[in-house]
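Dear colleague,

Please find below the structure that I am handing over to you. I would be grateful if you could look through it before reading the notes that come after it.

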Amino acid sequence: MIDLYSPAKLGSLNVKNHFIRAACWEKTAENGVPAQAVYDHYEDLCKGGIGTILTGFTTVDPVEHPAANMLGMHDDSLVDTYRPLIEMVHSYNVRIVCQIVYGGACGPANKGNDHVFAPSAIQHPGTGIMPVEMTEDDMSFLADEFAAAASRCKAAGFDGVELHAAHGYLLSQFLSPDKNIRTDAYGGSIENRARFLCMVARRVREAVGDDFPIWAKINSSDAGENGLTEADSLVASQLLLQNGVDVIEVSGGNLMQDASTPESQSYFRGYAAELRKLTGAPVILTGGNRSLAVMQKIADETDVQFFGFGRPICQDPAYVMTLKENA
C-alpha cells in the first residue's frame, strides 16, 4: 500500500507527500506581481500540509492576459519579485511549480485586444472574441515566449514549470478539432494537432536544460461534441512525454461533475490509469478528489500516485489534513 502522506519522487522532484494544490486563479496580482494575498494564501496552504503548490495561471505574453489580476512571467523585471514568495514556500519544505499559459479567445479579459492568437479564426461563443489564425512564424514566436517565461521561472527559483494545455486555452485549442480546423501540418490528425504543443515543449526544454522539471496539464477529453477525445488525448500526452515533458496533470473539459458518491469522485481516474499504464510516467489526477479512501484505492490499484485539489483546498487550505482526520 502506498502511503500518500509519505515523501515521494514526482518525476525528478522530491516532494514531501503525494498531494498537489492545482492551479487556481488568485485574482490578486498587480501587473503580474504576486500581491500580499498570494503570500498569505500560499503560506496557509503550506501550514495546511500540502506537498506541492502549482501557481495560478501565469501569462507568458506582455499584451495577452486572459484574466484580470493574473500572475505574470512575461518580462525579466518580474523574476526578482517572485523570489521572496518562493523562499517562503520552500521554508516549509513545500515545492512550488509555476503554471504558464497563453489564454487566447476564451479569456474574457482579452476583449478589445485585436490580435489574439488561435489555431483557426473561429469566433469564441462565450467571449465573442474573433482571434487571428496563427502563422508558422507566430507559432515560433509564441514558443519562444513560453521558453523565455520558463527560463525566468528557473532563474526565480521555481521547482519547475507547467504548460497549461487544458480548459480551452490556446495550447488546448490546437488539440481540439472543433477549434482547430487547419489543413496544414498543424491540423487534421492528432499528431498534427499536437505539433505546436510539442514545439513549445521542446523550446522550453532547450531553454531550461535537462534537469528542470516540465509538466503539462491536459484535458482527458473536452467532453463536448467534436472536441478532443480520450483516445486522441492519450496520443497527445505520449507525444508530450517524448518531447521534453516529465509529468502529465490530467483534467478534463467537464469540471462541474457530481462528486457526492465514491463512484462519481476523481472524475478522470480511468484516463489517468490508462496513461500511467501506457507510459509509466508520473501522472497527477486532478478533479473531484474528495475521499482519501477513493484516492488510496486508485493509487493501490492503478499506480496513479499523485492527486491535485482545486476548489476544496481554496476553501480549506488544510484540506489535506482534513481528509486524513475524516478518514
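The notes below set out what was found, element by element.

Please bear in mind that this is a predicted model.

Two helices

I begin with helix α1 (residues 36-47) and helix α2 (residues 79-91), whose axes come within 9 Å and cross at roughly 20°. An angle under 35 degrees counts as roughly parallel, and α1 and α2 are therefore roughly parallel to each other. The crossing of α1 past α2 is right-handed. On the α1 side, the residues that meet α2 are V38, Y39, Y42, E43 and C46; their counterparts in α2 are T81, P84, L85, M88 and V89. Sorted by class, this contact has eight nonpolar residues, one polar residue and one charged residue.

I96 belongs to strand β7 (residues 95-101). Its relative accessibility is 0%, so I96 counts as buried. Setting aside residues up to four places away in sequence, I96 touches Y42, I53, T55, I86, V89, H90, F158, D159 and G160. Two of these, Y42 and V89, also take part in the contact of α1 with α2. L85, a further member of that contact, is eleven residues from I96 in sequence, with a C-alpha to C-alpha separation of 9.6 Å.

A series of parallel strands

Strand β7 leads on to β10, with which it pairs in the parallel sense over three bridges. Within this pairing, Q99 stands opposite E162 in β10. Strand β10 (residues 161-165) is mostly covered, since five of its five residues are buried. V161, L163 and A165 point one way from β10, while E162 and H164 point the other way.

β10 also pairs with β11, again in the parallel sense, over five bridges. Here the bridge partner of V161 is I214 in β11.

Strand β11 (residues 214-219) is in turn joined to β12 by five bridges, and these two strands run parallel. W215 stands opposite V247 in β12. How many of the residues of strand β12 (residues 247-251) are buried? Five of the five are, so β12 is largely enclosed by the rest of the structure. From β12, V247, E249 and S251 point one way, whereas I248 and V250 point the other way; all are buried.

A residue in helix α7

Q238 is placed in helix α7 (residues 230-242). With a relative accessible area of 26%, Q238 is partly exposed. Apart from neighbours within four places in sequence, Q238 is in contact with L278 and T279. The C-alpha atoms of Q238 and L275 are separated by 8.2 Å, although these residues are 37 apart along the chain.

Most residues other than glycine have a negative phi.

H167, which is not a glycine, has a positive phi of about 60°. H167 is found in the loop between β10 and α4 (170-175), and its relative accessibility of 27% makes it partly exposed.

A223 is likewise a residue other than glycine with a positive phi, in this case near 55°. A223 lies in the loop between β11 and α7. Is A223 buried or exposed? At 52% relative accessibility, A223 counts as exposed.

With kind regards

How values were computed. Residues numbered from 1 in each chain as written. Predicted model: local features only at pLDDT ≥ 70, side-chain atom pairs only at ≥ 80, totals over all residues. Heavy atoms only, no water. Axes fitted to C-alpha atoms, helices over the stretch in contact; angles between N-to-C directions. Helix = DSSP H or I, 4+ residues; strand = E, 2+ residues; numbered from the N terminus. Parallel < 35°, antiparallel > 145°, perpendicular 65-115°, else oblique. Left-handed = near helix turned anticlockwise from the far one by under 90°. Contact = heavy atoms within 4.5 Å. Nonpolar A, V, L, I, M, F, W, Y, C, P; charged D, E, K, R; others polar. Buried < 20%, exposed > 50% of the residue type's maximum accessible area, 1.4 Å probe, protein only. Pairing = 2+ DSSP bridges.
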